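Me: I would like to learn how to read a model like this one before I rely on any part of it. Could we go through it feature by feature, with the general idea before the particular case?

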Amino acid sequence: MSLLNQLFNRGVFGTKCKTCLNLAISRMKLLQNKRDVQLKHMRKEIAQFLQAGQEAIARIRVEHVIREQDIWAAYEILELFCEFVLARVPIIESQRECPPELREAISSIIFASPRCSEVPDLLQIKNLFTAKYGKEFVSAASELRPDSGVNRTIIEKLSVSAPSGEARLRVLKEIAQEYNLNWDSSNTEAEFSKTHEDLLGGSKHVSGGAAPSQSQAKQGSFSSSPSNGAHSIVPADIKQEPKYLHAPRPLRETHTSYTNEIQPSINDDKAAAVSDTKRETRPQSSEILERARAAIASAERASAAARSAAELVKSL
């Protein structure tokens, strides 16, 4: 029964593996054609930026161009590996362990499968090899363990690290030469050759005036002693007399005396404020009385005029 299961599983593995490999090859070819068009458009835009003197934008855009070129190159290598494995599926089915001549191709496909999200067929191929060779074989390729056999170029092309300044400068020069631009690369070379210091580490050089100031501080050391809430600075060389000639008062007494001293001052401030407000309100009240008297007089005049008008109407 086990022999029949092995034969059945072999046939299933071979069929699924061939289907996934064919789908991955065709999908990668379509993605390569799509990236060719995108890369041409992006390189043309960078040439326009260089011609317009906008080198800062071109230096940023060229990183994306390099990234797309690396993915395109990785797809080309993976396509060859898939074709190589596809041609040797019968050998893979017949052997329990991975053949040495296929180790690099299979390990590279396993390593690239989670990093190439546009080709989901590679993940299915990885799952098939996990069931075939075990999780230890797959984890060794995914984690780049020693003797994993992953292709070095695949590792470099699928790396997430930023491209170096030399690589960016080389691509910019290629684009300028491709579109026949008289571009002066001296500013870009100077920008790429700059070494940006790590500001979080602090300044490495100590200022020259620090040592003399420290020596002066050591020679003339001062000690501060609080008295009545104020700090007085006294040289350390001078001997200070004892502060307390008699026993210190308890804390409660000092607190009550301090509050007693504060309360009269608060009362004086309140009295002064009340007197000021009275002085301010007095002229205001006199002005209001004068305005009221004038309003009453005008009202009396208006009533007298109304009475005279009424009498004239009656006489008529």
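**Reading the fold, from the whole to single residues**

Reply: In this predicted model, residues 24 or more positions apart account for 70% of the contacts in the protein with a separation of 6 or more. The protein has eleven helices and two strands, and from the N terminus on its elements run α-α-α-α-α-α-α-α-α-α-β-β-α.

Me: What is the average pLDDT of the protein, and over which residues does pLDDT stay under 50?

Reply: pLDDT is the predictor's confidence in each residue, from 0 to 100. Here the protein averages a pLDDT of 77, and 67% of the residues score at least 70. Over residues 1-5 pLDDT stays under 50, and the model has zero contacts beyond four places in sequence for them; over residues 202-266 pLDDT also stays under 50, although the model has 19 such contacts for that stretch.

Me: How many residues does the largest nonpolar core have, and which elements give two or more residues to this core?

Reply: In soluble globular proteins, nonpolar side chains tend to be buried together. In this protein, buried residues make up 27% of the 316 residues. The largest nonpolar core has 39 residues, and those with the most contacts inside it are L78, I106, L122 and F129. The elements that give two or more residues to this core are α1 (2-51), α2 (55-87), α3 (89-94), α4, α5 (121-133), α6 and α7 (152-157), with α1 giving the most, eight residues. A second, separate core of 19 residues includes A58, V171, A176 and W183.

Me: What does L78 touch, once residues up to four places away in sequence are not counted?

Reply: With those neighbours left out, L78 touches M28, S108, I109, A112, C116, L122 and I154.

Me: Is α4 mostly covered or mostly open, and what covers its buried residues?

Reply: One reads this by counting the buried residues of the helix and then asking what lies against them. Helix α4 is mostly covered, with eight of its ten residues buried, namely A105, I106, S107, S108, I109, I110, F111 and A112. What covers them includes α2, α3, α5, α6 and α7.

Me: How do the axes of α4 and α6 cross, and which residues make the contact?

Reply: An angle of 65 to 115 degrees counts as roughly perpendicular. The axes of α4 (residues 103-112) and α6 (residues 135-142) come within 8 Å and cross at roughly 75°, and the two helices are therefore roughly perpendicular to each other. From α4 the contact is made by R103, I106, S107, I110 and F111, and from α6 by F137, V138, A141 and S142. These residues divide into six nonpolar, two polar and one charged.

Me: Is Q32 buried or exposed, and with which residues is Q32 in contact?

Reply: Buried means under 20% relative accessible area. Q32, whose place is in helix α1, has 8% relative accessibility and so counts as buried. Leaving aside its neighbours within four places in sequence, Q32 is in contact with W72, Y75, E76 and E79.

Me: Where is F192, and what does F192 touch?

Reply: F192 lies in helix α9 (residues 186-193), and because its relative accessible area is 18%, F192 is buried. Not counting residues up to four places away in sequence, F192 touches R59, G165, R168, L169 and L172. The C-alpha atoms of F192 and G165 are separated by 5.3 Å, although the two residues are 27 residues apart along the chain.

Terms used: Residues numbered from 1 in each chain as written. Predicted model: local features only at pLDDT ≥ 70, side-chain atom pairs only at ≥ 80, totals over all residues. Heavy atoms only, no water. Axes fitted to C-alpha atoms, helices over the stretch in contact; angles between N-to-C directions. Helix = DSSP H or I, 4+ residues; strand = E, 2+ residues; numbered from the N terminus. Parallel < 35°, antiparallel > 145°, perpendicular 65-115°, else oblique. Contact = heavy atoms within 4.5 Å. Nonpolar A, V, L, I, M, F, W, Y, C, P; charged D, E, K, R; others polar. Core = buried A, V, L, I, M, F, W, Y, C linked by side-chain atoms within 4.5 Å. Buried < 20%, exposed > 50% of the residue type's maximum accessible area, 1.4 Å probe, protein only.
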